[in-house]
Amino acid sequence: MPNASPSHRIYLDANATTRPFPEVVETVARHLASTTGNPGSRHADGRQARRVLEAAREKIADLLGADPSEVVFTSGGTEANNLAILGRTQGPTGTVAVTDGEHPATLETTRALVQRGWRLETLPINADGRLHSHATQTLEATSDLRLVTMLLANNETGVIQDVEPLAQWCRDRGVPLFVDAVQAVGKMPLNFHQMGVSLLSLGAHKFHGPRGVGALLVRDGVKLAPLTLGGHQEVGRRPGTESVALIAGMATALEHCLQHLVERTTLLNQLRDRLQSRLAAECSPVVINGSIEHRLPNTLNIAFPGVDGEALLVALDLEGISCSLGSACASGSAEPSPVLLAMNCPPEVYRSSVRFSVSTDNTLDEIDEACRRIARVVQRLRK
């Protein structure tokens, strides 16, 4: 029988959210207590809050290779994606192109555009989850292409796209390219200017920052209409009083991640590879979904043919393992994973797939214990 009260839960769902670093918690708490002014107020308390806000903006811009004026603060990655897509599609209708297997924050937003008369083109991905080399051929005859979107690192498979070819294609045609980098920021080196894209989104809680805050990088000269009306915060691109404490916490988290990126990446690779190799040995047959070479260091999307993914998720939860079937934003959906379908995975694979995503909070001993529990559950469900 499964252990209904495991003594130690093992969290393997870091792509859904991460635990804030202790220094992030301290930063947020300190500013909640002491930086009490509105950064838009023209008095000493307001000026102090403005200094904290702009220092965080400068730090984030410096860490991501952007100018401070290009950083627009939002409530998180979903709002940043909505702002990028809807803010660039005001006015006459046209065509928007998206890579297949997108995150719901992009997919649902582009579907809303279709309801308003826009046309949607899908750029296909291959069996490894990467953009087909001929993907843009379908767009060559499109005269009204207004925006192209790309998911840099897939939230389910961890597969990383090569941005440069699509970015160059878009630059040659004067078409803005929006990159959803919510899963990538803090886990790999990024330079906004060097990437040559128009817009890039991030969310703090994916890299051990606080929930409820994110940002959209908007290249200088790219016009962006606000989604809400009100004050003139964020140069009119995102009205509403900025959450100074959360923004300062996001800057602290990003700085910590990138200052220790090499050591963190090494550990994450060790944890993920240990998990993958032991599950392959103890739960055969298994299928690893997505590119082995081009993926985030912390993400393992794995299928256990012969096991129902939903049943496996429930059983693992009872065994004290927190993991996921895919995007937390699609939780509760009975539909198969869009990205696994786009990769043409057979039903016996996509129906038995789960996502494990580790963080530096995990240890090798935890991974070994997790593998023992997972193997026990898989073997039981296969009987």
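These legends go with close-up views of a predicted model.

Local features here need pLDDT of at least 70 and side-chain atom pairs count only at pLDDT 80 or more, while totals for chains, interfaces and linings use all residues. Residues are numbered from 1 along each chain as its sequence is written, and side-chain values use heavy atoms, with hydrogens and water left out.

**View 1. Helices α1 and α7 pack against each other.** Here α1 (residues 22-34) meets α7 (residues 244-259) at about 155°, and their axes are 8 Å apart. (Helices are DSSP runs of H or I with at least four residues, strands are E runs of at least two, and both are numbered from the N terminus; axes are lines fitted to C-alpha atoms, for helices over the stretch in contact, with angles running from 0 to 180 degrees between N-to-C directions.) The pair is therefore roughly antiparallel, the word for angles over 145 degrees. On the α1 side, the contact (heavy atoms within 4.5 Å) uses E23, V24, T27, V28, H31 and L32; α7 brings A245, L246, A248, G249, T252, A253 and H256. Sorted by class, that's 7 nonpolar, 5 polar and 1 charged residues. (Ala, Val, Leu, Ile, Met, Phe, Trp, Tyr, Cys and Pro count as nonpolar, Asp, Glu, Lys and Arg as charged, and the others, Gly among them, as polar.)

View 2. H208 has a positive phi of about 70°, though it isn't a glycine. Look for H208 in the loop between β7 (199-203) and β8 (214-218).

**View 3. The second largest cavity.** This one contains about 50 Å³ of space. Its lining is T99, D100, G101, I125, G129, L151, N154, V159, Q161 and V339, which splits into 4 nonpolar, 5 polar and 1 charged.

**View 4. A cis peptide bond at P285.** The bond from S284 to P285 is cis, with omega near 5°. P285 belongs to the loop between α8 (261-282) and β9 (287-288).

Technical notes. Angles under 35 degrees count as roughly parallel, over 145 as roughly antiparallel, 65 to 115 as roughly perpendicular and the rest as oblique. On a 1 Å grid over the protein atoms alone, a cavity is a set of points where a 1.4 Å probe fits but cannot get out, and a pocket is an open set with protein on both sides within 12 Å along at least five of seven lines; lining residues have an atom within 4 Å of a point. Grid points are joined across faces, edges and corners, and a volume is the space filled by probe spheres set on the points.
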